[in-house]
Every structure is written in C-alpha cells, then in structure tokens.
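Dear colleague,

Please find below the structure that I am handing over to you. My findings follow directly after it.

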Amino acid sequence: MQIKTYHNDDASISKLHRIRFAKVYETFMDNIPYEEWTNYIKGLLTEYGVAPGGLICELGCGTGSMTRRLAEAGYDMIGIDLSEEMLD
C-alpha cells in the first residue's frame with residue numbers, strides 16, 4: 001500500500017480546491033458540539049492557571065470557530081492555520 005501525504009504548498013492540490021474546501025468546511029463541521037468543547041477548554045485553562053485576558057495561540061485553527069468562542073470568553077487569542085483560505 002502506498003500512502004501519499006499532501007502539504008499546503010503541494011502542486012497537486014490547487015489553490016481553487018483549497019478555496020472550495022474552506023468555503024464548505026463549516027458545513028462539514030455543523031454537528032460539532034462547539035459549546036461543550038469551549039466549556040471543556042475553559043476548564044482546562046482554569047485548571048492550568050490561564051485566566052481570561054491571558055494570551056492563547058491556537059495552532060491549526062481552521063476557520064477560527066474555537067478561536068472566536070474563546071475570544072468571546074475574554075481570552076486574548078491568536079489563530080494560526082497553514083491554509084490562508086481557511087483564515088479568510
């Protein structure tokens with residue numbers, strides 16, 4: 001069996017495909033319990049002494065759904081993703 005991995009700059013994935021995927025990403029993620037995830041993450045942050053106002057960097061943030069929710073909860077958020085299209 002051969003496994004091929006793709007990287008953000010891989011020529012076999014066109015920018016158009018990345019743009020299309022970014023536009024439908026939220027549709028694929030519509031059943032994710034973001035509110036539960038947010039509460040769980042906030043609990044972990046509290047447990048580790050990170051209070052609202054603290055700086056958090058979310059790596060692989062996608063379209064930023066969790067980044068926005070944590071920002072709304074008072075955290076100073078930075079969202080990073082390899083796909084520029086996901087951040088638009």
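Helices and strands are here DSSP runs, numbered from the N terminus, with at least four residues (H or I) for a helix and at least two (E) for a strand. In those terms, the chain follows the pattern α-α-β-α-β-α when read along the sequence, which comes to four helices and two strands. Please note that this is a predicted model.

As to the chain as a whole, it has 88 residues, of which 26% count as buried. Its accessible surface comes to about 6,600 Å², and carbon and sulfur atoms account for 58% of that area. Where contacts link residues at least 6 apart in sequence, 42% of them join residues at least 24 apart.

The largest pocket has a volume of about 240 Å³. Its lining is made up of 19 residues, and those closest to the centre of the pocket are Tyr25, Cys61, Gly62, Thr63 and Met86. Three elements, α1 (15-28), α2 (34-47) and α3 (65-72), each give two or more residues to this lining. Which element gives the most to the lining of the largest pocket? That element is α1, with five residues.

The lining of the largest pocket can also be described by class: nine of its residues are nonpolar, six are polar and four are charged.

Kind regards

Terms used: Residues numbered from 1 in each chain as written. Predicted model: local features only at pLDDT ≥ 70, side-chain atom pairs only at ≥ 80, totals over all residues. Heavy atoms only, no water. 1 Å grid on protein atoms, 1.4 Å probe; cavity = no way out; pocket = protein on both sides within 12 Å on 5 of 7 lines; lining within 4 Å. Points joined across faces, edges and corners; volume = space filled by probe spheres on them. Nonpolar A, V, L, I, M, F, W, Y, C, P; charged D, E, K, R; others polar. Buried < 20%, exposed > 50% of the residue type's maximum accessible area, 1.4 Å probe, protein only. Contact = heavy atoms within 4.5 Å. Areas by Shrake-Rupley, 256 points an atom, 1.4 Å probe, with all protein chains shown as cover.
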